[in-house]
Every structure is written in structure tokens, then in C-alpha cells.
Amino acid sequence: MSLTPLHDWNLAPREAIALQRRLAGRVEREDRLGPVRHIAGVDIGFEQRGEITRAAVVVLAWPAQESGEFEVVERMVHREPTRMPYIPGLLSFREVPAALGAFAKLTVRPELVMVDGQGVAHPRRVGVASHLGLWLDLPTIGVAKSRLCGRHGEPGPARGDWTPLTDGPEDEVIGAVLRSRVGVKPLFVSSGHRVSLATALEWVTACLRRTKLPEPTRLADRFASRRV
């Protein structure tokens with residue numbers, strides 16, 4: 001995949017925050033996606049006490065096989081030196097560069113990307129899934145295991161139950177708190193880029209199998225940890 005640069009990464013924290021505020025206006029929260037034949041799952045982590053950022057991308061064929069299992073079309077891991085120290089709200093500046101390195105090595109361009117992280121459910125509405133979606137110009141969905149900001153009630157107990165995640169004085173809906181499996185803590189799903197919240201929930205639910213996480217991000221996590 002060839003990527004067109006969106007901005008420079010060598011930024012001070014104050015510059016990065018200002019950039020996020022500008023990029024937020026470019027994030028699309030409505031559907032702009034065509035037929036989906038491949039879904040990518042993205043998992044980003046750190047090695048060597050945070051000195052190295054590791055991004056794993058797994059590309060799956062859609063729809064799933066008759067058995068319900070997903071065919072893995074391509075897998076890629078990219079490692080590079082971490083570019084920014086951990087600063088709350090600026091995680092995408094640590095994670096996205098390595099993810100872009102992994103996507104640049106792919107031979108298959110997915111039509112939809114699920115990211116282990118926040119989309120617009122972010123104080124400045126540009127989490128890692130949104131930031132990555134802007135760089136790739138691809139539809140992205142944020143699927144996080146914990147809340148970064150916002151308020152919410154408790155979703156119902158059944159798989160597929162969800163409740164809105166809201167933020168700000170006007171209770172802006174920035175995501176959904178989804179019960180992906182009975183008896184486990186919910187996921188935090190949000191639009192990344194070019195995908196509405198309703199559509200994001202549909203895709204995440206469609207990709208759930210026997211575990212808490214949707215298969216694209218679960219398999220990316222397993223591949224990153226070399227458990228496959």
C-alpha cells in the first residue's frame with residue numbers, strides 16, 4: 001500500500017494537540033464505505049520498556065467461511081523506535097507511525113479497518129482509529145477495552161446490548177458501550193473515520209465469535225504476541 005503523508009510526526013506536545021484539533025474537523029462520522037471484501041485488524045503495543053513500538057495487522061477475508069471462521073489473507077508486523085513519550089490524549093502519536101509501517105508492507109488493501117483503541121471517543125475526537133483512518137483514507141472503527149473519556153450507563157446483560165457513551169455539556173454521543181459477551185466487561189466502540197456509529201456497531205457485532213473481542217482485533221493481538 002502506498003501512503004500519502006498527512007503531516008510531520010516530529011512535533012512537541014503542544015503542537016500535537018493543536019494538530020489534533022485541526023484534524024478533528026476532517027474526521028467523517030458518516031458512512032463512506034463501499035463493498036467490503038477484506039477487513040483488517042490492528043493491534044499496537046510496545047517492547048523493550050516502551051522504546052520500540054510494535055504494530056500487527058491481520059487482513060481477513062469477508063464474509064467469514066461457512067464454519068464461522070475467518071480466512072487470514074495476510075499478516076504483517078512492523079517495529080520501529082517509539083517517537084513520543086506517553087502523554088495522555090496523544091497516544092496516536094506513539095502508535096500510528098508503526099501501524100503505517102505495517103500497512104505500507106501489505107499487498108492487500110482492506111476496505112475496512114478495526115483498531116484496538118479509540119476512534120472519536122477521545123477528548124479532542126481524534127483517537128488512534130480516527131488518526132489512522134485519516135492517514136490511510138480508509139473506513140476505520142475504534143474498539144477499545146476501556147473508557148478514555150465520557151459518561152455512560154451500564155449496558156444490558158445480553159450479548160449485543162449497548163448504551164451510548166456521551167461527553168460534554170450537551171451530552172454529545174461519541175461512542176457506544178457494547179456488551180460483546182455475557183458476563184464480561186463491555187467494549188467501547190466508536191466511529192474512527194468514514195463509518196457511522198450505527199454501522200460500527202453492526203460490523204463489530206458481526207465479527208464477534210466466542211470471545212470478548214471481534215475477530216479482527218483478537219487475531220491481530222494473537223499474532224502480535226506470537227500465539228498463532
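1. Which helix gives the most to the lining of the largest pocket? Helix α2, residues 91-105, does so with three residues, a helix here being a DSSP run of H or I of at least four residues and a strand a run of E of at least two, numbered from the N terminus.

2. This is a predicted model, in which local features need pLDDT of at least 70 and side-chain atom pairs count only at pLDDT 80 or more, whereas totals for chains, interfaces and linings use all residues. Residues are numbered from 1 along each chain as its sequence is written, and side-chain values use heavy atoms, with hydrogens and water left out.

3. S196 sits in the loop between β8 (187-193) and α4 (197-206), and it counts as buried because its relative accessibility is 11%, the limit for buried being under 20% relative accessible area with a 1.4 Å probe and protein chains only. Although S196 and E28 are 168 residues apart in sequence, their C-alpha atoms are 8.2 Å apart in space.

4. S191, found in strand β8, is also buried, with a relative accessible area of 5%. Leaving aside residues up to four places away in sequence, S191 touches (heavy atoms within 4.5 Å) several residues, including R29, G119 and S196.

Notes. Buried means under 20% relative accessible area, exposed over 50%, partly exposed in between (1.4 Å probe, protein chains only).
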